[in-house]
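Biologist: I am new to this structure and would like to learn how to read it. Could you walk me through it, one feature at a time?

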Amino acid sequence: MNKLQLIAVCCIIFALTSMSKMYAQQVSINDSLVQFEPKSIEATIDSTGFLQGYITVHNLSETDTLRIPQITPSCYCGMSTIMNSFIPPKQQGKLYLAVNTKQFSKPLTTVEYKVYTSFTSKPVKIFFDCIQR
């Protein structure tokens, strides 16, 4: 093997090593970089039967944009809207959550929402507590 081939092999090895490090940084997950406020919403059911609330999502990262691709409710009575699906570093976004209590088929008092993010390995659980008076 001549010097030119040896240099080419070294460059390829260096490039592959660098790419694997970049990939590991991109997929690393840090739950402490995202914060939800509040973690639960409490509302009293009124005559309309519709409850709604907002969750503020804080991206605590210095460099990475937070992505929220999906929210799933625990029952068909729950609805949600991702107001900001991409939240830049050190910024905040909003999630809109609603519950149609007239669709309750049994005495249900809490609807759980699973919020999927690019920073967390598992969905974050947000609870909407429906108080019946």
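Biologist: Which residue in β10 is the bridge partner of valine 111?

Modeller: The partner of valine 111 in β10 is phenylalanine 128. Before we go on, this is a predicted model, in which local features need pLDDT of at least 70, side-chain atom pairs count only at pLDDT 80 or more, and totals for chains, interfaces and linings use all residues. Residues are numbered from 1 along each chain as its sequence is written, and side-chain values use heavy atoms, with hydrogens and water left out.

Biologist: What do the strand names stand for, and which strands pair with β10?

Modeller: Strands are DSSP runs of E with at least two residues, numbered from the N terminus. Two of them pair if DSSP finds at least two bridges between them. Here, β9 (residues 110-116) is joined to β10 by six bridges in the antiparallel sense, while β2 (residues 40-44) runs parallel to β10 with five bridges.

Biologist: Which side chains of β10 are buried?

Modeller: Start with the cut-offs: buried means under 20% relative accessible area, exposed over 50%, and partly exposed in between, using a 1.4 Å probe and protein chains only. Along β10 (residues 124-131) the side chains alternate.

Biologist: How many residues does the largest nonpolar core have?

Modeller: A nonpolar core is a set of buried Ala, Val, Leu, Ile, Met, Phe, Trp, Tyr and Cys residues joined through side-chain atoms within 4.5 Å. The largest one has 24 residues, and those with the most contacts inside it include Val57, Ile126 and Phe128. At least two core residues come from each of β1 (34-37), β2, β3, β8 (92-100), β9 and β10. The largest share, four residues, is supplied by β10. As for valine 57, leaving out residues up to four places away in sequence, the residues that valine 57 touches include Phe36, Ile68 and Leu95; contact means heavy atoms within 4.5 Å.

Biologist: Which cysteines does the disulfide join?

Modeller: A disulfide is a pair of cysteine sulfur atoms within 2.5 Å. There is one in this structure, joining cysteine 75 to cysteine 77 with an S to S distance of 2.3 Å. The link is left-handed, with -45° about the S-S bond. Cysteine 75 and cysteine 77 are both buried. Cysteine 130 is in no disulfide; its nearest cysteine sulfur, that of cysteine 77, is 7.1 Å away.

Biologist: Is tyrosine 76 buried or exposed?

Modeller: Tyrosine 76 counts as exposed because its relative accessibility is 58%. You will find tyrosine 76 in the loop between β5 (70-73) and β6 (78-82).

Biologist: Why does serine 61 count as buried?

Modeller: Serine 61 is buried because its relative accessible area is 3%. This serine sits in the loop between β3 (50-59) and β4 (66-67). Its side chain reaches the backbone nitrogen of aspartate 64 at 2.8 Å. Leaving aside neighbours within four places in sequence, serine 61 is in contact with Leu33, Pro89, Lys90 and Phe119.

Biologist: What is the phi of lysine 90, and where is lysine 90 placed?

Modeller: Most residues other than glycine have a negative phi, and most peptide bonds are trans. Lysine 90 has a positive phi, near 60°, and lies in the loop between β7 (86-87) and β8.

Biologist: Which residues does the cis peptide bond join?

Modeller: That bond joins glutamate 37 and proline 38, with omega about -10°. Proline 38 lies in the loop between β1 and β2.

Note on methods:
Polar contact = N/O pair within 3.5 Å; in protein donor to acceptor, adjacent residues only side chain to side chain.
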